[in-house]
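Hi everyone, thanks for coming. I'd like to walk you through a structure that may be new to you, so please have a look at it first.

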Amino acid sequence: MADEKKLVRFGILGCANISIKLCKAISKAPNATLHALGSRSVEKAAAFAAEQGLPTAVRVYGSYEAVLDDEEVDAVYVPLPTALHVTWAVRAAERRKHVLLEKPAAMNAAELDRILEACEAHGVQFMDGTMWVHHPRTAKMKEALSDAQRFGQLKWIHTSLTYNPGPEFLKNSIRVKPDLDGLGALGDTGWYCIRAILWAVDYELPKSVLAFPGAILNEEGVIISCGSSMHWEDGKSATFHCSFLSYVTFDATFLGTKGSIRLNDFVLPFEESLGYGTFLESSELDYGKIEPGMWCPKPNEHVVETEFSQDVCMVKEFADLVIKVKGCETKPEKIWPILSRKTQVVLDAVKESIQRGYQPVEIVS
């Protein structure tokens, strides 16, 4: 049995589908436990708890406020529609609850700043719910990107995250409603694309962003498909595409002067349920291994094993930080708010470029 004093007691605000995944992740993390669940009605919260087979010890509340009022809740996971993030994340921070916030973090950088300021003012840890960055494969890919001999200098990046959920989704999903998740595909899938690009460049903000002409918006003005380019002072560039209108893709390509890294599952490894993830890496150093009839070396497949799935890794890392803050060992780790804000700033710039008729938008760091 885990030491109860070393378990972070989580409360979850809302019964969104992603909450199912987090309930399981919290239960599997060695340093966390699900303590409370709140919804807009106690009946809905109780039904969710029953459907997911949650332990009877989990407290069920008929409001989000009640979860925040529970003095035994250490941290909250907030999977509410993006438009509600600023309200409930700020309230959580004011009650000194550590905040794990689903992505996109906010409707814009100004709202996110309010959240981050509240977290800092009340001494609580903040992290957004971008899971893939916590998978051990991500650290191994960074090692490959940093290998000057095999990869060289990073020159170009492309990411793509799309899926086609069908007409019912496009009509009724909260992700296409301006008053709930008004960022649409840009917030839902573009967030991942932008984060992957920034991750590759060590989170150096681009000099400018230029959205591609032809973004598709629904009748209420919510983006359902778009793409953009990014440009850096040193000549690096990147592109991405996100959409609710195309067949599912989770692609990422990183090109260097001497090598490349590619994967078709950057958001969620295909083999994660088997305990590992893979990526493909090529280098000019392998030209001596070219097989007859081939014009370039076959990519090397790197296999990265993991004890936990990436959602559990995220919960575990967040809980580790919370435990240290609770024990007065450290102050909240500031890198996570910084990474969230940089992602939000670029996302805002893409939206602005679209609104300005596909004009370039300069980013001031």
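Y358 is in the loop between helix 12 (335–355) and strand 16 (361–362), and has a positive phi of about 65 degrees although it is not a glycine.

A quick word on where this comes from. It's a predicted model, where local features need pLDDT of at least 70 and side-chain atom pairs count only at pLDDT 80 or more, while totals for chains, interfaces and linings use all residues. Residues are numbered from 1 along each chain as its sequence is written, and side-chain values use heavy atoms, with hydrogens and water left out.

Now the overall picture. The protein chain has twelve helices and 16 strands; these are DSSP runs numbered from the N terminus, helices being H or I with at least four residues and strands E with at least two. Along the principal axes, the C-alpha atoms fill a box of roughly 65 × 50 × 40 Å. The radius of gyration is 21 Å, which agrees with the value near 21 Å for a compact globule of 365 residues. That radius is taken over C-alpha atoms, and the globule rule is 2.2 Å times the number of residues to the power 0.38. Of the 365 residues, 54% count as buried.

What does the record say? UniProt, in an unreviewed entry, places "domain: Gfo/Idh/MocA-like oxidoreductase N-terminal" at residues 8–127. That stretch is 42% helix and 22% strand, and its end C-alpha atoms are 15 Å apart. A further UniProt annotation, also from an unreviewed entry, is "domain: GFO/IDH/MocA-like oxidoreductase", covering residues 145–262. This span is 23% helix and 36% strand, with end C-alpha atoms 11 Å apart. UniProt positions are in the numbering used here, feature names are shortened, and annotations may be inferred rather than shown by experiment.

Let's look at some strands. Strand 7 (residues 154–162) is joined to strand 12 (residues 249–256) by eight bridges, running antiparallel, and H158 has T253 as its bridge partner there. Strand 7 also runs parallel to strand 11 (residues 237–243), with seven bridges, and I157 is partnered with A238. Two strands pair if DSSP finds at least two bridges between them.

Strand 14 (residues 276–283) has two partners to show you. Strand 13 (residues 259–263) joins strand 14 through four bridges in an antiparallel arrangement, where S260 stands opposite S282. Strand 15 (residues 300–305) pairs with strand 14 over six bridges, again antiparallel, and here G277 is opposite V304. Six of the eight residues of strand 14 are buried.

Which helix is largely enclosed by the rest of the structure? That's helix 10 (residues 190–200), because eleven of its eleven residues are buried. Among them are W191, Y192 and W199. After helix 10 comes D202, in the loop between helix 10 and strand 8 (208–211). D202 counts as exposed, at 57% relative accessibility, and has a positive phi of about 55 degrees although it is not a glycine.

V58, between helix 2 (42–51) and strand 3 (59–61), is buried, with a relative accessible area of 7%. P104 sits in the loop between strand 5 (98–101) and helix 5 (109–121), and the peptide bond from K103 to P104 is cis, with omega near -10 degrees.

Last stop, the largest pocket. How many residues line it? The answer is 40, with A16, N17, I18, E102 and R175 nearest the centre. The lining divides into 21 nonpolar, eleven polar and eight charged residues. For the classes, Ala, Val, Leu, Ile, Met, Phe, Trp, Tyr, Cys and Pro count as nonpolar, Asp, Glu, Lys and Arg as charged, and the others, Gly among them, as polar. A pocket here is an open set of points on a 1 Å grid over the protein atoms alone, where a 1.4 Å probe fits, with protein on both sides within 12 Å along at least five of seven lines; lining residues have an atom within 4 Å of a point.

Definitions and conventions:
Buried means under 20% relative accessible area, exposed over 50%, partly exposed in between (1.4 Å probe, protein chains only).
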